[in-house]
Amino acid sequence: MATSRLLRTSAAVLAATALLISGCSSGSSSPGGEASAGRTTEAGAQRPAADATLAPLPSSTPGNLRPYYDQKLSWHPCGASGFECATMKAPLDYAKPDAGNDLKLAVARKKATGPGSRIGSLMVNPGGPGGSAIDYLQQYAPQPAAVRARYDMVAMDPRGVARSAPVECLTNKQMDRYTQTDQTPDSPAETTRLANAYRAFAKGCESRSGKLLPHVSTIEAARDMDVLRAVLGDAKLTYVGASYGTFLGATYAGLYPSRVGRMVLDGAMNPALDARTVNLDQTAGFNTAFTAFAADCIKHKDCPLGTKSPADAGRQMSALFKKLDAHPAATGQARKLTESLATTGVIAAMYDQRAWPVLREYLAQAKAGDGRGLLTLSDSYYERDPNGTYSNQMYANPAVNCLDLASAFRDPAQVRAALPSFRKASPVFGESFAWAAMSCASWPVKPTGTAHRIEAKGAAPILVVGTTRDPATPYIWAKALAGQLSSATLLTYEGDGHTAYGRGSDCIDTAINTYLLDGTVPPKGKRCK
């Protein structure tokens with residue numbers, strides 16, 4: 001149905017950054033691991049950046065990596081008309097490229113159509129981590145036409161994602177049970193069940209993808225991007241990344257500043273934060289988005305959360321969650337709408353304000369005991385097809401996140417101690433988000449990264465884009481990243497939803513398209529509505 005397609009666009013293509021329902025927070029790692037942890041503060045508070053800065057790699061390509069940089073791709077038609085696909089080889093472990101353990105990474109492109117001379121390749125990534133860049137490319141390459149005319153549009157599913165050696169963790173039935181696990185435990189027994197669910201998920205990933213798990217970090221994915229840049233014949237990387245894709249792009253800039261071309265980072269992340277701070281900031285971000293939704297909802301007579309005030313709407317939302325916790329709603333199938341699934345469904349609608357009317361309808365249904373609508377939204381977020389098959393995104397997401405940063409919390413005691421700050425950040429979502437932030441505690445691979453700044457000194461001008469009421473990548477992150485990157489310009493969208501490019505603002509689209517086509521960055525302090 002149309003709603004499912006809309007929310008799939010928002011949550012999968014625009015890419016939930018940390019996907020807090022199933023994974024811990026996105027972070028970063030340095031090539032040598034020599035970074036110190038970021039400071040933890042209350043959400044939205046001014047905080048110092050991490051002490052360490054991501055160091056660039058040597059400008060010359062090591063001899064043992066030359067076979068990868070010199071490879072030739074064999075392109076063949078695939079997917080929609082005009083698209084070509086190929087497979088690129090990359091070393092499983094960049095520290096041991098001679099070991100013979102290669103990964104096969106899926107690549108797709110759509111050549112520049114003209115009119116106008118070809119500028120080069122433009123690589124895209126929708127975020128996640130875990131979102132398929134190839135799916136994104138094949139669905140959205142027709143827009144914008146002016147950019148498509150001058151660039152070969154290119155995408156690569158990052159290692160561990162979709163078509164590129166995908167991480168696998170659970171069977172579909174196991175995943176159904178996992179997504180229904182109570183994420184707001186009210187007793188020691190429920191706390192134990194939640195911790196056991198996280199542990200079983202991690203063991204499933206280890207048993208099915210153990211060899212791959214130590215090698216799906218953002219650093220390694222960024223290095224794969226440089227191999228692809230060279231294989232495509234581009235001296236510099238032109239790139240558009242959304243959400244986690246901004247962290248991937250910024251990491252590339254930090255590693256290879258002299259190879260940065262035109263780079264757009266939309267819905268920016270702040271790599272200088274530790275996992276707890278990222279989770280707390282996101283909790284506040286979703287609270288901001290929900291407050292905006294509630295303020296809109298109460299203007300409608302049929303608002304299922306009342307018509308008094310956003311605060312009252314939040315209380316009614318929390319009451320519905322508690323009701324579903326005690327008595328899950330029927331959905332017309334074996335799965336019932338539990339509190340956890342309902343929370344996921346509401347979160348999915350926060351990514352795009354165009355989903356708000358549908359959310360009002362589905363909340364009214366849920367209050368009447370019909371959980372089908374919210375379950376549809378939840379399934380869209382989790383990328384669960386009607387036949388019960390899950391995509392790989394919810395497995396790749398924690399695999400990357402848990403490797404990039406240490407878990408926000410190690411055990412239930414730490415979560416309980418932090419609950420007041422999370423509830424303060426969001427009375428509606430805080431408790432659920434706090435417990436979700438423990439999901440990396442049982443991860444079978446030790447994290448290889450910690451929080452650090454990215455400056456990318458010497459890079460060409462980079463355009464960072466932030467949305468003021470973005471739920472998943474709060475605006476304060478865009479300001480922070482723009483402040484770190486030595487050549488960044490911040491473009492602000494005063495609005496709702498996750499990311500800004502291609503979502504209806506002519507002001508934003510014109511500024512970004514102009515930058516991609518002629519390299520002109522917007523004036524300092526430019527804001528769009």
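Reader: Let's go with the rings. How many aromatic pairs does the count come to?

Author: Quick note before that: this is a predicted model, so local features need pLDDT of at least 70 and side-chain atom pairs count only at pLDDT 80 or more, while totals for chains, interfaces and linings use all residues. Residues are numbered from 1 along each chain as its sequence is written, and side-chain values use heavy atoms, with hydrogens and water left out. Rings of Phe, Tyr and Trp (its six-membered ring) pair if their centres lie within 6.5 Å. By this rule the count is 16 aromatic pairs.

Reader: What kind of pair do phenylalanine 286 and phenylalanine 433 form?

Author: The pair links distant parts of the chain, 147 residues apart, with phenylalanine 286 in helix α9 and phenylalanine 433 in helix α16 (residues 430-436). Planes under 30 degrees apart count as stacked, over 60 as edge-to-face and the rest as tilted. Here the centres are 5.4 Å apart and the planes are at 85 degrees, so by that cut-off the pair is edge-to-face.

Reader: Helix α9 again: are α9 and α12 roughly parallel or roughly perpendicular?

Author: Helices here are DSSP runs of H or I with at least four residues, strands are runs of E with at least two, and both are numbered from the N terminus. Axes are lines fitted to C-alpha atoms, for helices over the stretch in contact, and angles between N-to-C directions run from 0 to 180 degrees; under 35 is roughly parallel, over 145 roughly antiparallel, 65 to 115 roughly perpendicular and the rest oblique. Helix α9 (residues 275-297) and α12 (residues 356-367) pack at about 75 degrees, axes 11 Å apart. So α9 and α12 come out roughly perpendicular.

Reader: Which residues of α12 meet α9?

Author: Contact means heavy atoms within 4.5 Å. On the α9 side you'll find Ala289, Ala292, Phe293, Asp296 and Cys297. Their partners in α12 are Trp356, Leu359, Arg360 and Leu363.

Reader: And α5 with α6: is the crossing left-handed or right-handed?

Author: Helix α5 (residues 172-179) and α6 (residues 188-209) pack at about 155 degrees with axes 10 Å apart, which makes α5 roughly antiparallel to α6. A crossing is left-handed if the near helix is turned anticlockwise from the far one by less than a right angle, and right-handed if clockwise. For α5 and α6 the crossing is left-handed.

Reader: What about α7 and α8, which way does that crossing go?

Author: Helix α7 (residues 218-231) packs on α8 (residues 244-255) at about 70 degrees, with axes 9 Å apart. That angle makes α7 and α8 roughly perpendicular to each other. The crossing of α7 and α8 is right-handed.

Reader: Which residue stands opposite cysteine 528?

Author: Cysteine 528 is in β10, and β10 pairs in the parallel sense with β9 (residues 488-496) over two bridges. Opposite cysteine 528 stands tyrosine 493.

Reader: Which proline is joined to glycine 128 by a cis bond?

Author: Most residues other than glycine have a negative phi, and most peptide bonds are trans. Another has omega near -10 degrees and its proline lies in the loop between β4 and α3 (133-140).

Terms used. Two strands pair if DSSP finds at least two bridges between them.
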